[in-house]
Amino acid sequence: KANFPEFHNVYIEPVSYDIYKKTGVFPEGTIFFKELQLTKGPAENSDGSRSEPSGRGYFPGVLNGADVTVKDTKRYAATGGWGYYNFNHSEPKAATAKLKSRDECSVCHEQSAKKDSVWTQFYPRLDMK
């Protein structure tokens with residue numbers, strides 16, 4: 001069973017994405033916006049999936065908050081060069097957010113993310129070899 005039974009729709013601003021495609025490096029100032037969306041329930045199967053006319057699987061449900069990640073290696077040196085912000089894991093989203101501590105976000109990114117603390121392994125458009 002997933003720790004986070006949700007879809008993560010991740011967006012990157014176009015200028016940083018263009019630079020990343022050309023260089024394979026996320027430039028300073030890169031911003032990721034992650035929209036959190038619960039899986040549609042209730043689960044019908046023991047693995048949390050359900051059956052819909054299109055087949056068995058996991059389907060998007062209601063929005064469940066948002067996260068923002070900003071690359072600034074000087075400002076966020078203590079969190080691996082990235083600042084992690086959460087605007088609630090529920091709706092409505094918070095109007096503002098405080099920087100998350102290293103233990104809350106960056107340590108997991110530093111240990112398991114494929115490239116520059118970013119989970120590129122889960123996003124084919126970012127998973128440059």
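Modeller: With a definition: two strands count as paired if DSSP finds at least two bridges between them. Keep in mind that this is a predicted model.

Biologist: Which residue in E6 is the bridge partner of Val-68?

Modeller: Val-68 is bridged to Tyr-85 of E6. Strand E5, residues 60-71, pairs with E6 over five bridges, in the antiparallel sense.

Biologist: What holds such strands together in general, and what is the order of the strands in the sheet here?

Modeller: Strands of a sheet pair through backbone hydrogen bonds, and the pairing is either parallel or antiparallel. Here the sheet is open and has four strands in the order E1-E2-E5-E6, with antiparallel pairing. Strand E1 (6-12) and strand E6 (82-86) each have a single partner strand, so one side of each has no neighbour in the sheet. From one strand to the next, the twist averages 25°.

Biologist: Now the charged side chains. How many salt bridges does the structure hold?

Modeller: A salt bridge is counted when a side-chain nitrogen of Lys or Arg is within 4 Å of a carboxyl oxygen of Asp or Glu. The structure holds ten. One of them joins Lys-21 and Asp-18, at 3.9 Å from N to O. Both residues lie in helix H1 (residues 14-23), three residues apart, which is about one turn of the helix.

Biologist: Which residue forms a salt bridge with Lys-34?

Modeller: Asp-67 does, with the closest N and O atoms 3.3 Å apart. This pair links distant parts of the chain, 33 residues apart: Lys-34 is in strand E2 (residues 31-39) and Asp-67 is in strand E5. Lys-34 has 22% relative accessibility, so it counts as partly exposed. Asp-67, at 11%, counts as buried.

Biologist: Which residues are linked in a network of salt bridges?

Modeller: Lys-40, Arg-50 and Glu-52 are. Arg-50 is buried, with a relative accessible area of 10%, while Glu-52 is partly exposed at 22%.

Key: Residues numbered from 1 in each chain as written. Predicted model: local features only at pLDDT ≥ 70, side-chain atom pairs only at ≥ 80, totals over all residues. Heavy atoms only, no water. Helix = DSSP H or I, 4+ residues; strand = E, 2+ residues; numbered from the N terminus. Axes fitted to C-alpha atoms, helices over the stretch in contact; angles between N-to-C directions. Buried < 20%, exposed > 50% of the residue type's maximum accessible area, 1.4 Å probe, protein only.
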